[in-house]
Amino acid sequence: MARALELAESGLYVPTPNPRVGCVIVKDGQMVAEGVTQAAGHAHAEVMALRDLKQKGGSAEGATVYVSLEPCSHHGKTPPCTDALIHAKPARVVIAHVDPYPAVSGRGIAALRSAGIAVSVGVLAKEALEINPGFVSRMVRGKPYVWAKIAASMDRFTALPDGQSQWITGAEARADGHHWRARSCLVLTGIGTVKADNPLLNVRAIETHRQPRRAVIDPKLEIPDNAKLLQTEGLILFAANPDEGRVTQLTSKEAVVVNVPDQNNPDRVDMNAVMQWLAEYDINEVHVEAGAGINGALWRAGCIDELILYLAPTFLGHGLPMLDIPGIDQLSEADQLSFIDHDNVGQDIRIRARKFDRWQELVEHIESSNAQHAL
């Protein structure tokens, strides 16, 4: 299963909106074939592993198949993987965790068992969740998994007071940030960042076969006509009761305008409505690169699951903060996060911290589903 997870992780940038899945076939104590899920509409990990075995002249009959997610049992863009496995006649299938997708969710396990194939569930389940947090979140919570990438000085400023921020962190940290862009389904920013930096927000520093979609929180559709993002395919603009003439202008440039005003403040965008809309359009993971205003708004709305913080070994003395959030009067009121990873990236340090309770919700769902289908 550990090898299946390695394979799944090797496809971080590939199968969205499908989950990343790895599969290993073991026979007579030897790993004889393996596969990883391909781009959407193409073969899943189980089929790729069976093809690998066939090319080697082997047979899966009597073998054990390890797969990092329950095999699909429905007709989507590809036939059910359970059918392929049943036809191959392995003796046993070992699954990391049950698929939270309602069209599968235990049906693949039931189909395999009905065909006389032994099924074990719950091997390295938490490790498997780490590879597909967005897919699981979208299925369980109806929202994508969201991380905010922030580069800051040691005194926690992201830019000088005039907005100058290029570059606080080094080249290695900036390249590492492109990995997180590449594995996301969508990069989200705010109109302030667009006006200040005119970014592309695409993946350039690493190789990837696809670019994530890009979106801007832009309540009044103030995006400049010469913005580089308007040159990208399918740019999404989240607005709040915008001028219809401006909507027409932007849609003629092939931008997608989504009107999601906050009920309590019609001049602002409803961040939770943004996340719900993205989930409905198959967005699993959202990478936020924005200023303190958008970061703070997302944080206050409870939309950020994780922070990816790059700290540079420097002090600015004054400047713009990481998040614009209200102060507290008691330490007991502070939001609690858990540090999950830290690493040196060039001259900088990357720290990952996540909302423990939000992550635990996903863990508990996986564990409950696995327990339900364990026998």
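A cavity here is a set of points, on a 1 Å grid over the protein atoms alone, where a 1.4 Å probe fits but cannot get out; lining residues have an atom within 4 Å of a point. The model is predicted: local features need pLDDT of at least 70, side-chain atom pairs count only at pLDDT 80 or more, and totals for chains, interfaces and linings use all residues. Residues are numbered from 1 along each chain as its sequence is written, and side-chain values use heavy atoms, without hydrogens and water.

**Stop one: the cavity.** Select Thr16, Asn18, Arg20, Asn132 and Asn284. Of the 15 residues lining the largest cavity, these lie nearest its centre. Its volume, the space filled by probe spheres set on points joined across faces, edges and corners, is about 70 Å³. The whole structure holds 1 cavity of 30 Å³ or more.

**Stop two: the sheet.** Show the strands (DSSP runs of E, at least two residues). Nine of them form an open, mixed sheet ordered β11-β10-β9-β8-β12-β6-β13-β16-β15. Pairing takes at least two DSSP bridges between two strands. Now pick β11 (256–259) and β15 (337–345): each has a single partner strand, so one side of each lacks a neighbour in the sheet.

**Stop three: β6 and β13.** Select 145–153 and 306–312. These strands run parallel, joined by 7 bridges. Alanine 148 has leucine 307 of β13 as its bridge partner.

Terms used
Helices (H or I, at least four residues) and strands (E, at least two) are DSSP runs, numbered from the N terminus. On a 1 Å grid over the protein atoms alone, a cavity is a set of points where a 1.4 Å probe fits but cannot get out, and a pocket is an open set with protein on both sides within 12 Å along at least five of seven lines; lining residues have an atom within 4 Å of a point.
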